[in-house]
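Here is a friendly walk through one model, written for someone who likes to know the cut-offs behind each term. Please keep the viewer open while you read.

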Amino acid sequence: MLSRNNVFVQRCNRSILYSSIIALWVLLGTGSALADDFDSLFRRGMNLYQKKDFEGAIEAFQSAYKLHQFPRVLLNMAQVYRKMGNAQQALDFYQQYLKAEPNPPPKIKLDVEQYIIQTKAMLEAPSLQAEEDRRREPAPTGYDKQTGQMMPWYVEVQEAQNKRKKKLLIGIISGSIAAGIIIGVGVGVGLHYRNKLPDGLTIFEY
Amino acid sequence: MPKHAGLATVTLALSSALSIVSCGEHVVVVDLVNLSAETSSVAAYYRIDTDAYHASALQSGQFQISSPVFGIRPPSSRDGTLAVQVFAYKNNLPCALNKGSTEAKLSTAGKINATAVLDVIPFAPCKANDAPVSYPAEAIIWAGTASNVWIVGKDAAVLRWDGTLFHNIVLPDSIAGTPRATWKAVRGDSQGNTWLVGDHDSAVRIDAAGNPTRLALDFGSLNQLPVTWTGVYAESGTAYLSGTTDSDAQGYIGIYSAATGKVTVNQVDKAPINLSGSSYGLYAVDCSSLNDCWYVGERSLVIHYTGGTNYGLVGIKNDATCGSPPSDISLRGVYANGTLSSVKMVGTGNAGGGTGRFIAHNGTCFFANDKDQSSSFTPGSLLAISGRRPDDLIVSGKDAIYRWRASGAALLTGYEKGTWQSASALSGGFFATQASQILYSDLAP
């Protein structure tokens with residue numbers, strides 16, 4: 001009776017060991033899949049901008065920029081500052097953008113140059129017409145206003161985002177598996193030890 | 001986190017937990033509380049619902065007095081209620097020190113805990129009738145040792161105590177006879193066989209492996225009247241049986257030979273015994289060897305067998321003066337140990353209607369004494385005698401149990417009234433039976 005019990009315990013210990021190894025492997029696999037929230041911050045900035053929450057938009061863009069220093073973020077921040085009427089800040093960010101992106105797409109370069117002219121003018125003598133124009137200015141997006149096509153810089157952003165999405169999804173799934181196994185092993189081991197029979201127990205077969 | 005990830009987590013958690021928990025035994029673990037420190041074995045009788053009881057025992061070394069525990073593994077397919085009865089014993093005797101019970105529901109998997117809180121029971125004398133087994137009616141007992149005790153009785157009932165557990169042995173009709181025998185005597189031999197004899201010509205040998213054999217009878221030229229065998233002595237493959245017929249109370253001696261595999265039936269007054277005029281019912285036999293046997297029965301009949309075909313009648317006198325013979329004594333028990341002075345007999349005067357008689361040899365004759373050592377008459381019949389030693393015997397009968405030593409038979413007090421129809425002595429105590437009751441009592445040296 002006793003020998004049978006010992007064999008049984010060995011078999012159980014082996015299965016617990018295998019489960020633990022699998023759980024550890026899966027857990028390590030999730031290390032490279034930490035969530036990257038640049039995309040969500042960038043989108044958040046855009047949404048807040050559209051809701052005219054300029055302060056919130058600036059804060060979101062700043063946070064996004066801390067994660068990834070894409071020049072276009074500087075441009076968006078410049079646009080937001082301009083909408084806020086903060087010409088000096090807008091001008092600073094337009095200039096930072098051009099410094100970070102010396103060779104922007106021609107269309108953007110042209111736009112930025114126009115905005116710089118506008119902001120300088122605002123600093124010198126803001127007019128009602130300029131204010132009106134500023135209000136009519138569409139929100140900055142990654143799409144060309146005229147053609148509707150995705151801008152090259154935004155293509156890069158999107159590709160980077162897609163890669164991150166994949167990583168994030170793998171991370172979530174791997175993490176779930178690891179969490180499931182860890183929780184299961186924990187609960188199982190706990191229950192197993194709660195069910196563990198005393199050493200040397202004599203068992204009568206019915 | 002996507003919904004399916006949460007679901008996967010839960011599923012994996014459950015499957016992992018179940019895969020590990022499935023390693024857990026489906027075992028009822030019974031903790032014993034209040035186990036006596038003197039315990040040398042623990043008996044467990046257990047069953048699910050109304051099943052027959054199963055029985056197992058923990059021997060010394062299989063439990064700790066400080067934290068006694070054992071497990072019972074029920075079939076995985078069974079649910080219901082597991083009922084457990086627990087008895088603690090010492091010295092291989094069937095007197096429980098503790099007893100208790102517990103139950104466990106089998107509906108849950110894994111380890112199921114149960115606790116049996118044990119009550120303390122006075123050890124000895126005891127009624128050894130606690131276990132959930134069937135105790136024979138009209139019980140007759142023989143104890144070779146404390147761990148080899150046989151109790152037999154009506155309906156061919158056989159109960160064995162092995163030192164830790166009682167076992168009911170159910171004999172088929174082919175062995176027990178039709179109608180089923182009422183066993184009148186049981187005795188073991190030094191080869192491990194146990195011999196049972198009773199009414200309806202019934203004589204059975206159960207070998208050391210537990211295999212029973214019904215012994216065939218060879219009546220030769222005798223009328224085949226049904227014989228009730230009343231006593232047995234066996235050794236080295238030979239058995240001697242005492243018997244009587246119900247219809248005409250004739251005396252019979254049966255001799256079983258391993259060579260023939262049969263019991264040769266002899267009537268007392270016919271060849272080869274030829275004790276003419278003395279064929280009265282015989283009720284007991286005892287031998288010191290196969291060539292020194294004593295048969296006793298009705299009408300003060302005592303036959304001494306000394307080997308071959310040598311059977312002789314032995315007279316009993318009325319008192320130690322070796323004068324006149326007594327009135328008819330229905331002799332029911334005999335003890336033999338090789339010398340005349342060691343031979344002791346018991347019976348009842350007035351053809352069974354009087355008080356008890358103690359018969360011993362005084363160097364000159366066997367004489368009957370109708371009083372114990374305090375000069376008191378016995379309350380009634382004396383029915384059985386068993387030896388601890390030649391000078392230290394146990395005698396049982398109606399409303400009395402005596403310890404018979406050189407100084408005389410002393411009435412043992414503290415026992416129930418009733419007809420103690422059999423007794424069997426051990427070195428440290430004795431068993432006695434009445435109805436279905438089994439008594440054990442220690443005796444001082």
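The report below goes through chain A, then a helix pair within it, and ends with a sheet in chain B.

This is a predicted model, in which local features need pLDDT of at least 70 and side-chain atom pairs count only at pLDDT 80 or more, while totals for chains, interfaces and linings use all residues. Residues are numbered from 1 along each chain as its sequence is written, and chains are lettered from A and ligands numbered from 1 in the order in which they are written.

Let us begin with chain A. Its secondary structure comes to eight helices and one strand, where helices (H or I, at least four residues) and strands (E, at least two) are DSSP runs numbered from the N terminus. Read from the N terminus, the order is α-α-α-α-α-α-α-α-β. Chain A has 206 residues, and 27% of them count as buried (20 or more other C-beta atoms within 10 Å of a residue's own, with C-beta atoms placed from the backbone). Among contacts in chain A with a separation of 6 or more, 58% come from residues 24 or more positions apart; a contact here has C-beta atoms, placed from the backbone, within 7 Å.

Gln118(A) counts as buried because 20 other C-beta atoms lie within 10 Å. Its C-alpha atom is separated by 27 Å from that of Ser63(A), 55 residues apart along the chain.

Next comes the helix pair H4(A) and H5(A). The axes of H4 (residues 71-84) and H5 (residues 87-100) of chain A come within 8 Å and cross at roughly 165°. Axes are lines fitted to C-alpha atoms, for helices over the stretch in contact, with angles from 0 to 180 degrees between N-to-C directions. H4(A) and H5(A) are therefore roughly antiparallel to each other (an angle over 145 degrees). Residues of H4(A) that meet H5(A) include Leu74(A), Ala78(A) and Tyr81(A), and among their partners in H5(A) are Ala90(A), Phe93(A) and Tyr97(A).

Finally, chain B holds an open sheet of four strands in the order E32-E33-E34-E35, with antiparallel pairing. Two strands pair if DSSP finds at least two bridges between them.

| Edge strand | Residues |
|---|---|
| E32(B) | 382-389 |
| E35(B) | 408-411 |

From one strand to the next, the twist averages 25°. E32(B) pairs with E33 (residues 392-397) of chain B over six bridges, and Arg389(B) stands opposite Asp392(B) in E33(B).

Technical notes:
Angles under 35 degrees count as roughly parallel, over 145 as roughly antiparallel, 65 to 115 as roughly perpendicular and the rest as oblique. Two residues are in contact if their C-beta atoms, placed from the backbone, lie within 7 Å. A residue is buried if 20 or more other C-beta atoms lie within 10 Å of its own, exposed if 12 or fewer, and partly exposed in between; C-beta atoms are placed from the backbone.
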